[in-house]
Amino acid sequence: MLSRRAFLAGALLPASGGRDDAWPALERNWAAVSSRGEPWSPEHAMAREFRLTGDPALKRRVAETIGRGVREAYHAGAVKTGNWWNWEIGVPKRLLDLAILVGHRDDGLIEAVDHFVRPWRLLFYRGTSTAANRADLCLVTLLNGILSRDPRKISRAAEALSPVFRYVTSGDGLYRDGSFIQHSTVPYQGTYGVSMLHGIGAILRTLRGTPWEITDPALGNVFAAVEHSFLPFLHEGRMMDLVSGRAIARKPDGDRRRARAFTDALDLLGESASASQRARWRELIANPPTGHRLMPAGARAVHRREGWTAALSMSSHRVAHYEHGNGENLRGWHTGAGMLYWWGKGHGDHYSGDFWHTVDPYRLPGTTVSTKRLPDGAGGAWGENCPPARWVGGASDGVHATVGQHLFGLESTLEARKSWIFLDDMVVCLGAGITCRDGVPVETVVDNRRSRARLTLGDGWAHLEGHGGYLFDGSIRVRQDEYTTLWFDHGTDPTDARYVYALLPNADLAATKAARVTVVANTPAQQGVTAGDLTAVNFWRPGTVAGITVTEPSAILYRPGHTLVAEPQG
């Protein structure tokens, strides 16, 4: 939202003026943004050095690079090929950055940006002009306005950023429950979300102290999202993979790089936040609080207890099974089939390194899958593979939770009801109504731990030394090589198969043997457990369990004197 002052500035401020006008401030502000962190290219390093030394030879070399780029590739007459992002965001942002840093006005560059980033791109908040992409398009428009000294472009960039601050109820953007979606169906705090925070921070910092300074009160939603949408997925210096889309299949240790990008974005955004907000963010990074964060709109959950953390990745009618695109993550098929990540003491790097390049994509921990062989990129690119499930969510009191997923297999006849009850010392996992007609076995993967540690098996329990324990009902299968894999084999074309198991992070052998789980229901109609005075039930259909009666599908956490009900999503 623009103030009257900003509107008048955009309409009336002359394109050129004296030494006291806004342009030097904008250029200085942008230089402060661009000079953060490591240079992104040799030319960028030269441009930053020029800001310090004023060496005309450096300016000349950078200007030659810009001119060559405009002549050979990026000019108004060029034919746009390949990914639109390169033409509207990637290339112009870098060329404009260089030009502003060295004070080199290139009319060909300005004309090219005018050609490829038309004003209508910021008029409508839809398509590829939403969330992170919208922030980047606004930033490119702002930089083009600074270079061309055109106040209309700067006003346009500032005004068009406001929709990014608003909560959404569908599609791309921030949700009240903490979810963040990009590409319409992909939870994306880890990459696009970080890019959005960085873009917003860059624009706020560049406009500071100018007539276009942003004062929209909805900006508070972005500051709040840092704690509620992003920080829950930061764990021991890594950004969790379940909110990173196709990026998980890139270079090893990408979770570390994404975490660094996030903290860099936070530093920049923090310059426009209050001192108390910045202090709060630093404290949460250093000492993540225990508790549960359930984000139904993004089909994600994070559970933190003392010494361990678990995170759950599901899919629904509005959240894709997985995302692939640009040839990336072609075998991420089952990451939304109830993948249960967990980190115990000393295992913060468990899913880092070469995990995604070595793990069996049909045996991701926590998932129930048909073993039907799938082609690379099955189900459609860019998150175009949502199942029809409408009941994905649950109930949480901020400490414990009951979460459920109506599972439909990717390019499969598989259907199942899956539930997870997150407690103080365990996660109880229930499956029922597992039915499939693919002509192949169906499996539920209890765990697939990247470890050769000693595995001890007992009657209804297993213990992996240095990791934790497992309780299970029925027969379980085991394989140990580079990975230790435990799974239920439901057989070929099962009808109403089911499973019960519990994950006990950090439990030693004695604690594993002594642990107990009380399951009060595990059918396609209801699934639930009791633990102490807590009763947690997912009612897929109306009914009565453990003295609790509901008349419509609901997720219930009940403790005497306190009841929490969450209606299913529809």
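This is a predicted model: local features need pLDDT of at least 70, side-chain atom pairs count only at pLDDT 80 or more; totals for chains, interfaces and linings use all residues.

User: In what order do the three strands of the open sheet stand, and what is their pairing?

Analyst: The order is β1-β2-β3, and the pairing is antiparallel. The edge strands, β1 (173–174) and β3 (186–187), each pair on one side only.

User: How many bridges join β2 to β3?

Analyst: Two bridges join strand β2, residues 180–182, to β3, and these strands run antiparallel. Within this pairing, Q182 stands opposite V186 in β3.

User: Let us turn to charged side chains. What can side chains of opposite charge do when their charged atoms come close?

Analyst: Such side chains can pair. The criterion here is a side-chain nitrogen of Lys or Arg within 4 Å of a carboxyl oxygen of Asp or Glu. The structure holds 26 salt bridges. One of them joins E328 to R250, with the closest N and O atoms 2.8 Å apart.

User: Which parts does the pair of E328 and R250 tie together?

Analyst: E328 lies in the loop between β8 (308–313) and β9 (339–343), and R250 in the loop between β5 (238–239) and α12 (254–270), so the pair ties together parts that are 78 residues apart in sequence. R250 counts as partly exposed because its relative accessibility is 36%.

User: With which residue does R331 form a salt bridge?

Analyst: R331 pairs with D376, the closest N and O atoms being 2.8 Å apart. Since R331 lies in the loop between β8 and β9 and D376 in the loop between β10 (368–370) and β11 (392–396), the pair ties together parts 45 residues apart in sequence. At 51% relative accessibility R331 counts as exposed, whereas D376, with a relative accessible area of 42%, is partly exposed.

User: Where do the partners D489 and R477 lie?

Analyst: D489 lies in strand β20 (residues 484–492) and R477 in strand β19 (residues 477–480), so this pair ties together parts that are 12 residues apart in sequence. Their closest N and O atoms are 3.0 Å apart. D489 is partly exposed, with a relative accessible area of 35%, and R477 is partly exposed at 43%.

User: Which residues are linked in a network of salt bridges?

Analyst: The network links R36, R205, R208 and E271.

Technical notes
Residues are numbered from 1 along each chain as its sequence is written. Side-chain values use heavy atoms; hydrogens and water are left out. Two strands pair if DSSP finds at least two bridges between them. Helices (H or I, at least four residues) and strands (E, at least two) are DSSP runs, numbered from the N terminus. Buried means under 20% relative accessible area, exposed over 50%, partly exposed in between (1.4 Å probe, protein chains only).
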